Amino acid sequence: MKTKLKRLALALLMAQLTGVAAAQAQTADDVEVQVNAFEVRTDGAEQPAGGTFSTGPVSKKWSGGGRFSVRACGAFTLEAGAEGVFADGATSGWRVVLTPIGMKDGAVTFRLRWIRALDTGKEMSAKGEDIELTMRPGESRSLDSVIVPPDKATGRPCPIWDNRGKQIELSRVALRVSVDYTPHESLERRLVGVDLWLIERVAGGAERTQSMSVRGLPHREIPFYFDAITDNATSLEVLGYVAASPAGDGLAVLLQTRSHLGPAAFDWRDGKRAPTRYVDSRLQLKPGETVEVALPQLESSAGPFAARRYAIRIRARQLR
């Protein structure tokens, strides 16, 4: 137990130290606030319904409203302006107003006003909020959901098709607010490249190096996996994620490193846990600059790996 606590404390300490004076991974030009409709299946699973009401880049400080109309079998329309009539045949409807306030330390603060202004089903009472929220990219909050009336022809929940072309049954339509990156992945044209080197320094000063290059979209996590380093029956695996974001004339980079130490034939499925080290580093890299991030030294129980030193060198650039 003491060993596990020690490892955990070291991981937390490294995360705190590397976060000091960290460069932000996004700006107000890169994020937006969205309200989305979701289809809820009879088994409780959700999938995007395909309609999004967005502020656009938070830097533009755009404020406005929209109307979500839910029709038979969960079909819906989204129209500009919170005021006005709902769509013909609507069984439920929401009025939504979004007002971005500002962004600080990577989180967006905004005001949200929404009301369920139409409901012809069993849930007749009006419901709504007028609140101020602070959220980071990737975070979301459920707002409300309404029952979808059953199919008139069969009396069963409405059949629809999911995003894989499989027919499912729909029970509700839900509304959710979130903060995400902009533009959407399907529209993002920028591309970043990251070069990584795993450095192993052994007794006597000799240095062994593994290298790789990865590519991905700005702000999004890009996974990396170095080959396992094996000595006798023990293996050290170094893997993680890197996210690079345009920042001035360079890139703000988040490097998340995970190190697993265990038997060379280790299998997560056997229910045993291998000791894991966590190091999260935030870096500000100039074009062509290479930075080295030291990984914490392993304990004496790590056998042949305890006397070695490990580090990751990183270089990032915007490709387009």
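The model is predicted, so local features need a pLDDT of at least 70 and side-chain atom pairs count only at pLDDT 80 or more, while totals for chains, interfaces and linings use all residues. Residues are numbered from 1 along each chain as its sequence is written, and side-chain values use heavy atoms, with hydrogens and water left out.

Start with the strands. Strands (E, at least two residues) and helices (H or I, at least four) are DSSP runs, numbered from the N terminus. Two strands pair if DSSP finds at least two bridges between them. Strand β1 (residues 31-41) and strand β2 (residues 46-54) run antiparallel and are joined by six bridges. Phe38 has Pro48 in β2 as its bridge partner. The two strands form a hairpin with four residues between them, and there Gly44 takes a positive phi near 95°.

Now move to a sheet of five strands. This open sheet has the order β4-β3-β5-β6-β7, and its pairing is antiparallel. β4 (76-80) and β7 stand at the edges with a single partner strand each, so one side of each has no neighbour in the sheet. From one strand to the next, the twist averages 20°. Axes here are lines fitted to C-alpha atoms, for helices over the stretch in contact, and angles run from 0 to 180 degrees between N-to-C directions. Inside the sheet, seven bridges join strand β3 (residues 64-70) to strand β5 (residues 92-104).

Another open sheet has four strands. Their order is β12-β11-β19-β18, again with antiparallel pairing. β12 (207-216) and β18 are the edge strands, and each pairs on one side only. The twist averages 20° from one strand to the next. Five bridges join β18 to β19. Thr290 stands opposite Arg315 in β19.

Next come the charged side chains. A salt bridge is a side-chain nitrogen of Lys or Arg within 4 Å of a carboxyl oxygen of Asp or Glu. How many does a search of the whole structure find? The count is 25 salt bridges. In one of them, Arg313 meets Glu292, with the closest N and O atoms 2.8 Å apart. Arg313 sits in strand β19 and Glu292 in strand β18, 21 residues apart. To describe exposure, buried means under 20% relative accessible area, exposed means over 50%, and partly exposed lies in between (1.4 Å probe, protein chains only). Arg313 is partly exposed at 24%. Glu292 is also partly exposed, at 37%.

Glu129 and Arg141 form another salt bridge, at 3.0 Å from N to O. Glu129 lies in strand β7 (residues 127-135) and Arg141 in strand β8 (residues 140-147), 12 residues apart. Asp231 lies in strand β14 (residues 229-231) and Arg308 in the loop between β18 (290-294) and β19 (309-318), so the pair ties together parts 77 residues apart in sequence. Is Arg308 buried or exposed? Arg308 counts as buried, because its relative accessibility is 11%.

Salt bridges can also form a network. One links Asp30, Glu185, Glu188, Arg190 and Arg220. Look at Arg220, in the loop between β12 and β13 (222-225). Arg220 is buried, with a relative accessible area of 13%. Contact means heavy atoms within 4.5 Å. Not counting residues up to four places away in sequence, Arg220 touches residues including Tyr181, His184 and Val242. The side chain of Arg220 also reaches the backbone oxygen of Pro183 at 3.2 Å. That is a polar contact: a pair of N or O atoms within 3.5 Å, where within protein one must be able to donate a hydrogen and the other to accept it, and residues adjacent in sequence count only if both atoms are side-chain atoms.

Most peptide bonds are trans, and most residues other than glycine have a negative phi. The bond from Thr182 to Pro183 is cis, with omega near 0°. Pro183 lies in the loop between β10 (167-181) and β11 (192-201). His219 is not a glycine, yet has a positive phi of about 75°. His219 is buried, at 5% relative accessible area. Cys73, also not a glycine, has a positive phi of about 55°. Cys73 lies in the loop between β3 and β4, and at 26% relative accessibility Cys73 counts as partly exposed.
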